[in-house]
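Here is a short report for a reader new to this structure. Take a look at the model before reading on.

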Amino acid sequence: MSSLLVDNIGELVTNGIGADPLGIRRKAAVLVEEDRVAWVGPSAYAPAAEHRIDVGGAAVLPGFVDSHAHLVFAGDRAAEFAARMAGEPYTGGGIRTTVGATRAATDDELRTTVRRLRGEALRQGTTTMEIKSGYGLNVADEARSLRIAAETSSETTFLGAHVVPAEYADRPDDYVGLVCGPMLAAAAPYAKWIDVFCERGAFDVDHARAILACGQAAGLGVRLHANQLGPGPGVQLGVELGAASVDHCTHLSDADVDALASNRFDCMCHEGAHTTTVATLLPGAEFSTRSPYPDARRLLDAGVTVALATDCNPGSSYTSSMPFCIALAVREMRMTPAEAVWAATAGGARALRRDDIGVLTPGARADLVVLDAPSYLHLAYRPGVPLIRQVIRNGVPQ
Ligand SMILES: [Zn+2]
(Lines give C-alpha, C1' and ligand atoms only; values in the text may rest on other atoms or scores of the structure.)
Protein backbone atom coordinates (compact mmCIF):
# COMPACT_ATOMS: atom_id res chain seq x y z
CA MET A 1 0.00 0.00 0.00
CA SER A 2 1.47 3.40 -0.92
CA SER A 3 1.67 5.84 1.98
CA LEU A 4 2.51 9.52 2.24
CA LEU A 5 3.20 11.52 5.40
CA VAL A 6 2.44 15.25 5.17
CA ASP A 7 4.56 16.42 8.07
CA ASN A 8 5.57 19.50 10.03
CA ILE A 9 2.20 21.23 9.57
CA GLY A 10 2.10 24.46 11.60
CA GLU A 11 -1.68 24.75 11.51
CA LEU A 12 -3.93 21.94 10.33
CA VAL A 13 -7.60 22.60 9.60
CA THR A 14 -9.45 19.28 10.02
CA ASN A 15 -13.07 20.50 10.20
CA GLY A 16 -13.78 17.59 12.48
CA ILE A 17 -11.40 17.06 15.37
CA GLY A 18 -12.00 18.93 18.63
CA ALA A 19 -14.50 21.53 19.70
CA ASP A 20 -13.71 24.53 17.52
CA PRO A 21 -15.53 24.58 14.19
CA LEU A 22 -12.35 24.25 12.12
CA GLY A 23 -10.94 21.49 14.33
CA ILE A 24 -7.49 23.05 14.30
CA ARG A 25 -4.39 21.06 15.23
CA ARG A 26 -0.91 22.56 15.59
CA LYS A 27 2.46 20.90 14.93
CA ALA A 28 0.54 18.15 13.21
CA ALA A 29 0.98 15.51 10.56
CA VAL A 30 -1.40 13.66 8.23
CA LEU A 31 -0.78 10.12 7.05
CA VAL A 32 -2.28 9.28 3.67
CA GLU A 33 -2.70 5.69 2.55
CA GLU A 34 -3.77 5.25 -1.06
CA ASP A 35 -6.51 7.87 -1.57
CA ARG A 36 -7.59 8.21 2.08
CA VAL A 37 -6.53 9.93 5.28
CA ALA A 38 -5.31 7.13 7.54
CA TRP A 39 -4.11 9.04 10.59
CA VAL A 40 -4.02 12.61 11.95
CA GLY A 41 -1.96 13.59 14.99
CA PRO A 42 1.07 15.38 16.41
CA SER A 43 4.17 15.44 14.21
CA ALA A 44 6.15 14.04 17.14
CA TYR A 45 4.16 10.79 16.98
CA ALA A 46 3.85 10.51 13.22
CA PRO A 47 4.14 6.98 11.87
CA ALA A 48 6.65 6.09 9.19
CA ALA A 49 5.56 6.25 5.56
CA GLU A 50 6.92 5.42 2.16
CA HIS A 51 6.98 9.09 1.10
CA ARG A 52 7.19 12.26 3.18
CA ILE A 53 6.46 15.90 2.43
CA ASP A 54 7.80 18.41 4.96
CA VAL A 55 5.64 21.53 4.65
CA GLY A 56 7.94 23.54 6.92
CA GLY A 57 5.36 24.86 9.36
CA ALA A 58 2.82 25.92 6.72
CA ALA A 59 -0.95 25.72 7.11
CA VAL A 60 -2.77 22.73 5.59
CA LEU A 61 -6.50 22.51 5.03
CA PRO A 62 -8.99 20.29 3.24
CA GLY A 63 -9.21 20.90 -0.50
CA PHE A 64 -11.92 23.38 -1.43
CA VAL A 65 -15.29 21.99 -2.46
CA ASP A 66 -16.81 24.20 -5.16
CA SER A 67 -20.42 23.04 -5.24
CA HIS A 68 -21.69 25.40 -7.96
CA ALA A 69 -20.02 25.92 -11.34
CA HIS A 70 -21.08 26.18 -14.98
CA LEU A 71 -18.06 25.03 -16.97
CA VAL A 72 -19.56 23.60 -20.17
CA PHE A 73 -19.85 26.54 -22.54
CA ALA A 74 -18.24 28.29 -25.49
CA GLY A 75 -17.46 31.94 -26.11
CA ASP A 76 -16.92 34.68 -23.57
CA ARG A 77 -18.93 37.70 -22.48
CA ALA A 78 -16.20 40.17 -21.63
CA ALA A 79 -17.98 42.91 -23.58
CA GLU A 80 -21.16 42.33 -21.56
CA PHE A 81 -19.10 42.62 -18.37
CA ALA A 82 -17.60 45.88 -19.58
CA ALA A 83 -21.07 47.22 -20.41
CA ARG A 84 -22.28 46.30 -16.91
CA MET A 85 -19.34 48.04 -15.33
CA ALA A 86 -20.32 51.07 -17.43
CA GLY A 87 -23.77 51.02 -15.84
CA GLU A 88 -26.00 48.49 -17.59
CA PRO A 89 -27.98 46.23 -15.23
CA TYR A 90 -27.65 42.42 -15.11
CA THR A 91 -30.83 40.60 -16.11
CA GLY A 92 -29.66 37.07 -16.89
CA GLY A 93 -30.56 37.60 -20.57
CA GLY A 94 -26.96 37.11 -21.68
CA ILE A 95 -27.29 33.37 -20.99
CA ARG A 96 -28.84 33.03 -24.45
CA THR A 97 -25.67 34.46 -26.03
CA THR A 98 -23.69 31.61 -24.50
CA VAL A 99 -26.32 29.07 -25.59
CA GLY A 100 -25.78 30.05 -29.23
CA ALA A 101 -22.00 29.71 -28.95
CA THR A 102 -22.24 26.43 -27.03
CA ARG A 103 -24.54 24.79 -29.57
CA ALA A 104 -22.14 25.80 -32.36
CA ALA A 105 -19.07 24.39 -30.59
CA THR A 106 -17.56 20.97 -31.18
CA ASP A 107 -17.26 18.39 -28.40
CA ASP A 108 -13.52 18.97 -28.29
CA GLU A 109 -13.91 22.72 -27.93
CA LEU A 110 -16.26 22.23 -24.97
CA ARG A 111 -13.99 19.56 -23.47
CA THR A 112 -10.96 21.86 -23.74
CA THR A 113 -12.78 24.64 -21.88
CA VAL A 114 -13.95 22.31 -19.10
CA ARG A 115 -10.44 20.93 -18.61
CA ARG A 116 -8.84 24.37 -18.71
CA LEU A 117 -11.18 25.75 -16.03
CA ARG A 118 -11.01 22.59 -13.94
CA GLY A 119 -7.21 22.78 -14.05
CA GLU A 120 -7.29 26.46 -13.14
CA ALA A 121 -9.49 25.68 -10.11
CA LEU A 122 -7.31 22.76 -9.04
CA ARG A 123 -4.23 24.96 -8.98
CA GLN A 124 -6.20 27.26 -6.65
CA GLY A 125 -6.96 24.42 -4.28
CA THR A 126 -10.32 23.11 -5.50
CA THR A 127 -10.28 19.33 -5.21
CA THR A 128 -14.01 18.78 -5.84
CA MET A 129 -15.98 20.79 -8.38
CA GLU A 130 -19.62 20.43 -9.30
CA ILE A 131 -20.31 21.03 -13.00
CA LYS A 132 -23.68 21.99 -14.48
CA SER A 133 -25.07 21.83 -17.97
CA GLY A 134 -27.44 24.60 -18.97
CA TYR A 135 -26.04 26.18 -22.13
CA GLY A 136 -27.34 23.53 -24.53
CA LEU A 137 -31.07 23.80 -23.82
CA ASN A 138 -32.01 21.15 -26.34
CA VAL A 139 -31.94 17.38 -25.95
CA ALA A 140 -28.69 16.70 -27.81
CA ASP A 141 -26.69 19.63 -26.42
CA GLU A 142 -27.77 19.13 -22.80
CA ALA A 143 -26.90 15.42 -23.02
CA ARG A 144 -23.47 16.08 -24.53
CA SER A 145 -22.75 18.87 -22.03
CA LEU A 146 -23.31 16.39 -19.20
CA ARG A 147 -21.41 13.62 -20.94
CA ILE A 148 -18.40 15.95 -21.21
CA ALA A 149 -18.85 17.22 -17.61
CA ALA A 150 -18.94 13.63 -16.34
CA GLU A 151 -15.46 13.02 -17.83
CA THR A 152 -14.13 15.48 -15.25
CA SER A 153 -16.44 15.31 -12.21
CA SER A 154 -18.82 12.87 -10.55
CA GLU A 155 -20.81 15.86 -9.26
CA THR A 156 -22.74 16.70 -12.41
CA THR A 157 -25.98 18.65 -12.55
CA PHE A 158 -28.65 18.78 -15.24
CA LEU A 159 -29.70 22.42 -15.67
CA GLY A 160 -31.90 22.20 -18.77
CA ALA A 161 -34.11 24.71 -16.93
CA HIS A 162 -31.53 27.50 -16.95
CA VAL A 163 -33.61 29.83 -19.15
CA VAL A 164 -36.32 29.20 -21.73
CA PRO A 165 -34.44 29.16 -25.06
CA ALA A 166 -35.45 31.69 -27.72
CA GLU A 167 -37.25 29.12 -29.87
CA TYR A 168 -39.65 28.39 -26.98
CA ALA A 169 -40.02 32.00 -25.81
CA ASP A 170 -43.78 32.15 -26.43
CA ARG A 171 -44.54 28.59 -25.23
CA PRO A 172 -42.71 27.97 -21.96
CA ASP A 173 -45.10 25.12 -21.02
CA ASP A 174 -43.89 23.19 -24.06
CA TYR A 175 -40.29 23.75 -23.01
CA VAL A 176 -41.01 22.44 -19.50
CA GLY A 177 -42.54 19.36 -21.15
CA LEU A 178 -39.36 18.88 -23.19
CA VAL A 179 -37.14 19.26 -20.09
CA CYS A 180 -39.20 16.74 -18.08
CA GLY A 181 -39.49 14.31 -20.97
CA PRO A 182 -36.85 13.60 -23.60
CA MET A 183 -34.23 16.00 -22.27
CA LEU A 184 -34.25 14.51 -18.77
CA ALA A 185 -34.19 11.00 -20.21
CA ALA A 186 -31.10 11.85 -22.30
CA ALA A 187 -29.36 13.76 -19.50
CA ALA A 188 -30.06 11.53 -16.49
CA PRO A 189 -27.45 8.84 -17.27
CA TYR A 190 -24.71 11.48 -16.89
CA ALA A 191 -26.20 13.52 -14.04
CA LYS A 192 -26.31 13.19 -10.27
CA TRP A 193 -28.36 16.34 -9.63
CA ILE A 194 -31.11 18.43 -11.18
CA ASP A 195 -31.22 22.23 -10.88
CA VAL A 196 -33.62 24.99 -11.96
CA PHE A 197 -33.08 28.74 -12.24
CA CYS A 198 -36.20 29.77 -10.30
CA GLU A 199 -36.39 33.51 -10.91
CA ARG A 200 -38.52 36.10 -12.62
CA GLY A 201 -37.55 35.92 -16.30
CA ALA A 202 -36.49 32.26 -15.98
CA PHE A 203 -38.80 29.62 -14.40
CA ASP A 204 -41.71 30.33 -12.05
CA VAL A 205 -42.40 28.25 -8.97
CA ASP A 206 -44.91 25.89 -10.63
CA HIS A 207 -42.57 25.11 -13.51
CA ALA A 208 -39.65 24.72 -11.11
CA ARG A 209 -41.60 22.35 -8.86
CA ALA A 210 -42.70 20.25 -11.85
CA ILE A 211 -39.18 19.97 -13.27
CA LEU A 212 -37.54 19.17 -9.95
CA ALA A 213 -40.18 16.53 -9.18
CA CYS A 214 -39.49 14.85 -12.53
CA GLY A 215 -35.79 14.88 -11.73
CA GLN A 216 -36.38 13.36 -8.30
CA ALA A 217 -38.51 10.65 -9.86
CA ALA A 218 -35.60 9.90 -12.21
CA GLY A 219 -33.31 9.47 -9.20
CA LEU A 220 -31.55 12.85 -9.27
CA GLY A 221 -30.90 14.96 -6.18
CA VAL A 222 -32.38 18.46 -6.05
CA ARG A 223 -30.60 21.81 -5.91
CA LEU A 224 -31.74 25.16 -7.25
CA HIS A 225 -30.82 28.71 -8.13
CA ALA A 226 -33.10 30.80 -5.94
CA ASN A 227 -33.66 34.40 -4.82
CA GLN A 228 -30.71 35.81 -6.74
CA LEU A 229 -32.16 38.79 -8.55
CA GLY A 230 -35.13 39.49 -6.30
CA PRO A 231 -37.37 38.00 -3.62
CA GLY A 232 -39.27 34.89 -4.66
CA PRO A 233 -40.53 31.44 -3.75
CA GLY A 234 -37.38 29.50 -4.73
CA VAL A 235 -35.82 29.06 -1.29
CA GLN A 236 -39.03 27.77 0.27
CA LEU A 237 -39.60 25.46 -2.69
CA GLY A 238 -36.12 24.06 -2.12
CA VAL A 239 -36.82 23.40 1.56
CA GLU A 240 -40.21 21.86 0.66
CA LEU A 241 -38.52 19.43 -1.75
CA GLY A 242 -35.64 18.61 0.61
CA ALA A 243 -33.08 20.15 -1.75
CA ALA A 244 -29.44 19.60 -0.84
CA SER A 245 -28.82 23.28 -1.48
CA VAL A 246 -30.48 26.53 -2.49
CA ASP A 247 -27.96 28.72 -4.23
CA HIS A 248 -27.51 32.52 -4.31
CA CYS A 249 -29.98 33.46 -1.49
CA THR A 250 -29.35 37.14 -2.07
CA HIS A 251 -32.90 38.37 -1.44
CA LEU A 252 -34.44 36.53 1.53
CA SER A 253 -37.54 37.21 3.61
CA ASP A 254 -37.74 36.32 7.31
CA ALA A 255 -39.90 33.35 6.30
CA ASP A 256 -37.16 32.14 3.93
CA VAL A 257 -34.55 32.30 6.70
CA ASP A 258 -36.94 30.56 9.12
CA ALA A 259 -37.64 27.81 6.62
CA LEU A 260 -33.91 27.19 6.12
CA ALA A 261 -33.12 27.37 9.84
CA SER A 262 -35.93 25.16 11.13
CA ASN A 263 -35.29 22.24 8.82
CA ARG A 264 -32.71 20.44 10.94
CA PHE A 265 -31.54 16.90 11.42
CA ASP A 266 -29.34 15.31 14.07
CA CYS A 267 -25.89 14.27 12.98
CA MET A 268 -23.28 11.99 14.50
CA CYS A 269 -20.53 14.51 13.76
CA HIS A 270 -19.05 16.87 16.35
CA GLU A 271 -21.47 19.65 15.43
CA GLY A 272 -24.48 17.55 16.40
CA ALA A 273 -27.02 18.97 13.95
CA HIS A 274 -27.24 20.46 10.47
CA THR A 275 -29.88 22.07 8.39
CA THR A 276 -31.15 19.78 5.65
CA THR A 277 -30.96 22.39 2.92
CA VAL A 278 -27.70 24.32 2.72
CA ALA A 279 -27.68 27.98 1.69
CA THR A 280 -24.90 28.31 -0.88
CA LEU A 281 -23.66 31.85 -1.32
CA LEU A 282 -21.93 32.90 -4.54
CA PRO A 283 -20.31 36.29 -3.90
CA GLY A 284 -18.45 36.19 -7.22
CA ALA A 285 -21.82 36.82 -8.87
CA GLU A 286 -22.53 39.92 -6.81
CA PHE A 287 -18.97 41.12 -7.40
CA SER A 288 -19.24 40.66 -11.17
CA THR A 289 -22.71 42.15 -11.49
CA ARG A 290 -22.03 44.93 -8.98
CA SER A 291 -25.03 43.86 -6.91
CA PRO A 292 -25.66 43.86 -3.15
CA TYR A 293 -24.17 40.81 -1.43
CA PRO A 294 -26.29 38.23 0.41
CA ASP A 295 -26.59 38.71 4.16
CA ALA A 296 -24.46 35.80 5.33
CA ARG A 297 -24.46 37.03 8.91
CA ARG A 298 -28.25 36.75 9.11
CA LEU A 299 -28.17 33.15 7.86
CA LEU A 300 -25.31 32.11 10.14
CA ASP A 301 -26.85 33.76 13.19
CA ALA A 302 -30.10 31.89 12.48
CA GLY A 303 -28.19 28.59 12.46
CA VAL A 304 -28.41 27.91 8.72
CA THR A 305 -25.62 25.80 7.19
CA VAL A 306 -23.80 28.04 4.70
CA ALA A 307 -21.57 27.02 1.79
CA LEU A 308 -19.45 29.19 -0.50
CA ALA A 309 -18.97 28.45 -4.19
CA THR A 310 -17.70 30.29 -7.26
CA ASP A 311 -20.68 30.09 -9.67
CA CYS A 312 -17.94 30.01 -12.31
CA ASN A 313 -19.67 30.92 -15.60
CA PRO A 314 -18.88 33.19 -18.54
CA GLY A 315 -21.59 35.77 -17.78
CA SER A 316 -22.11 36.69 -14.17
CA SER A 317 -19.07 35.26 -12.32
CA TYR A 318 -16.10 34.26 -14.43
CA THR A 319 -13.86 33.22 -11.55
CA SER A 320 -12.74 29.72 -10.59
CA SER A 321 -11.04 30.94 -7.41
CA MET A 322 -12.34 29.75 -4.05
CA PRO A 323 -9.72 31.88 -2.22
CA PHE A 324 -11.20 34.94 -3.95
CA CYS A 325 -14.70 33.92 -2.79
CA ILE A 326 -13.41 33.44 0.77
CA ALA A 327 -11.91 36.93 0.73
CA LEU A 328 -15.18 38.40 -0.59
CA ALA A 329 -17.21 36.51 2.02
CA VAL A 330 -15.09 37.93 4.83
CA ARG A 331 -14.82 41.48 3.55
CA GLU A 332 -18.25 41.93 1.95
CA MET A 333 -20.56 39.47 3.74
CA ARG A 334 -19.25 39.78 7.30
CA MET A 335 -18.31 36.14 7.65
CA THR A 336 -15.38 35.46 9.95
CA PRO A 337 -12.34 33.94 8.21
CA ALA A 338 -13.09 30.68 10.05
CA GLU A 339 -16.72 30.65 8.87
CA ALA A 340 -15.67 31.38 5.30
CA VAL A 341 -13.04 28.62 5.22
CA TRP A 342 -15.51 26.14 6.74
CA ALA A 343 -18.15 27.16 4.17
CA ALA A 344 -15.67 26.69 1.30
CA THR A 345 -14.69 23.19 2.44
CA ALA A 346 -17.08 21.33 4.78
CA GLY A 347 -20.00 23.59 3.78
CA GLY A 348 -19.52 22.74 0.11
CA ALA A 349 -19.37 19.07 1.02
CA ARG A 350 -22.71 19.37 2.84
CA ALA A 351 -24.19 21.10 -0.19
CA LEU A 352 -23.23 18.00 -2.16
CA ARG A 353 -24.38 15.67 0.65
CA ARG A 354 -20.87 14.30 0.99
CA ASP A 355 -19.16 13.39 4.27
CA ASP A 356 -15.94 12.04 2.74
CA ILE A 357 -14.64 15.42 1.54
CA GLY A 358 -14.24 18.87 3.11
CA VAL A 359 -12.74 17.27 6.24
CA LEU A 360 -9.34 15.82 7.14
CA THR A 361 -10.22 13.02 9.52
CA PRO A 362 -9.33 9.33 9.26
CA GLY A 363 -11.31 7.73 6.44
CA ALA A 364 -11.85 10.97 4.51
CA ARG A 365 -10.59 11.39 0.97
CA ALA A 366 -7.00 12.60 0.97
CA ASP A 367 -7.69 15.99 -0.60
CA LEU A 368 -5.33 18.54 0.97
CA VAL A 369 -4.16 22.04 0.27
CA VAL A 370 -0.80 23.33 1.53
CA LEU A 371 -0.73 27.11 1.86
CA ASP A 372 2.23 29.39 1.33
CA ALA A 373 1.27 30.86 4.70
CA PRO A 374 1.31 29.94 8.39
CA SER A 375 -2.49 30.20 8.84
CA TYR A 376 -5.79 29.85 6.97
CA LEU A 377 -6.39 33.49 8.01
CA HIS A 378 -4.10 34.55 5.17
CA LEU A 379 -6.68 33.41 2.60
CA ALA A 380 -8.74 36.51 3.43
CA TYR A 381 -5.92 38.62 4.86
CA ARG A 382 -3.90 38.45 1.62
CA PRO A 383 -6.53 38.66 -1.14
CA GLY A 384 -5.46 38.14 -4.73
CA VAL A 385 -2.16 36.50 -3.73
CA PRO A 386 -1.41 32.97 -5.00
CA LEU A 387 -1.19 31.24 -1.62
CA ILE A 388 -1.81 27.66 -2.75
CA ARG A 389 1.64 26.06 -2.64
CA GLN A 390 0.63 22.46 -3.23
CA VAL A 391 -2.53 20.44 -3.82
CA ILE A 392 -2.89 16.74 -3.01
CA ARG A 393 -5.94 15.14 -4.57
CA ASN A 394 -7.03 11.55 -3.95
CA GLY A 395 -3.71 11.11 -2.15
CA VAL A 396 -1.71 12.20 -5.21
CA PRO A 397 0.42 15.37 -5.18
CA GLN A 398 -0.67 17.42 -8.21
ZN1 LIG B 1 -25.25 29.36 -11.23
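Is Glu80 buried, partly exposed or exposed? Glu80 counts as partly exposed, because its relative accessibility is 24% and the buried class ends under 20%. The model behind this value is predicted.

**Salt bridges**

Glu80 has a charged partner. Arg77 forms a salt bridge with Glu80, and the closest N and O atoms are 2.8 Å apart. Arg77 itself counts as buried, at 5% relative accessibility.

Searching the whole structure gives 29 salt bridges. One of them joins the side chains of Arg115 and Glu151, at 3.8 Å from N to O. This pair links distant parts of the chain, 36 residues apart. Arg115 sits in helix α3 (residues 107-123), while Glu151 is in the loop between α4 and β9 (156-161). Arg115 is exposed, with a relative accessible area of 52%. Glu151 is partly exposed, at 39%.

Another bridge runs between Asp356 and Arg354, with the closest N and O atoms 2.8 Å apart. Both Asp356 and Arg354 are buried. Salt bridges also build a network, made of Asp107, Asp141, Arg144 and Arg147.

**The zinc site**

Which residues hold the donors of the zinc ion? The protein donors are His68 (NE2), His70 (NE2), His225 (NE2) and Asp311 (OD). They lie 2.0 to 2.3 Å from the zinc ion. Along the sequence, the donor residues follow the spacing H-x1-H-x154-H-x85-D.

His225 belongs to strand β11 (residues 221-226). Asp311 is in the loop between β16 (306-308) and α11 (322-333). These positions are 86 residues apart in sequence, so the pair ties together separate parts of the chain. Both residues are shielded in the class sense: His225 counts as buried at 3% relative accessibility, and Asp311 is buried with a relative accessible area of 2%.

Why is the arrangement around the zinc ion irregular? The 4 donor atoms subtend angles of 84 to 167°.

**Aromatic rings**

The whole structure holds 5 aromatic pairs. Two that share Phe73 are set out here.

| Pair | Centre to centre | Angle between planes | Class |
|---|---|---|---|
| Phe73 and Tyr135 | 6.3 Å | 75° | edge-to-face |
| Phe73 and Tyr318 | 5.8 Å | 75° | edge-to-face |

Phe73 lies in the loop between β6 (64-66) and α1 (78-85). Tyr135 lies in the loop between β8 (131-132) and α4 (139-150). The two are 62 residues apart in sequence, so their contact ties together those parts. The pair with Tyr318 spans 245 residues, because Tyr318 is in the loop between β16 and α11.

How do these residues stand in accessibility? Phe73 counts as buried, at 1% relative accessibility. Tyr135 is also buried, at 1%. Tyr318 counts as partly exposed, at 39%. Ring pairs link Phe73, Tyr135 and Tyr318 into a cluster.

One further ring contact involves a charge. The charged end of Arg223 sits over the ring of Trp193, 4.5 Å from the ring centre.

Terms used:
Residues are numbered from 1 along each chain as its sequence is written. This is a predicted model: local features need pLDDT of at least 70, side-chain atom pairs count only at pLDDT 80 or more; totals for chains, interfaces and linings use all residues. Side-chain values use heavy atoms; hydrogens and water are left out. Donors are N, O and S atoms within 2.8 Å of the metal (3.2 Å for Na, K and Ca); water is not among the atoms, so sites may look incomplete. Four donors count as tetrahedral if all angles lie between 85 and 135 degrees; four count as square planar and six as octahedral if opposite donors are over 155 degrees apart and all others between 65 and 115; anything else is irregular. Helices (H or I, at least four residues) and strands (E, at least two) are DSSP runs, numbered from the N terminus. Buried means under 20% relative accessible area, exposed over 50%, partly exposed in between (1.4 Å probe, protein chains only). Rings of Phe, Tyr and Trp (its six-membered ring) pair if their centres lie within 6.5 Å; planes under 30 degrees apart count as stacked, over 60 as edge-to-face and the rest as tilted. A charge sits over a ring if NZ of Lys or CZ of Arg is within 6 Å of the ring centre and within 35 degrees of the ring normal. A salt bridge is a side-chain nitrogen of Lys or Arg within 4 Å of a carboxyl oxygen of Asp or Glu.
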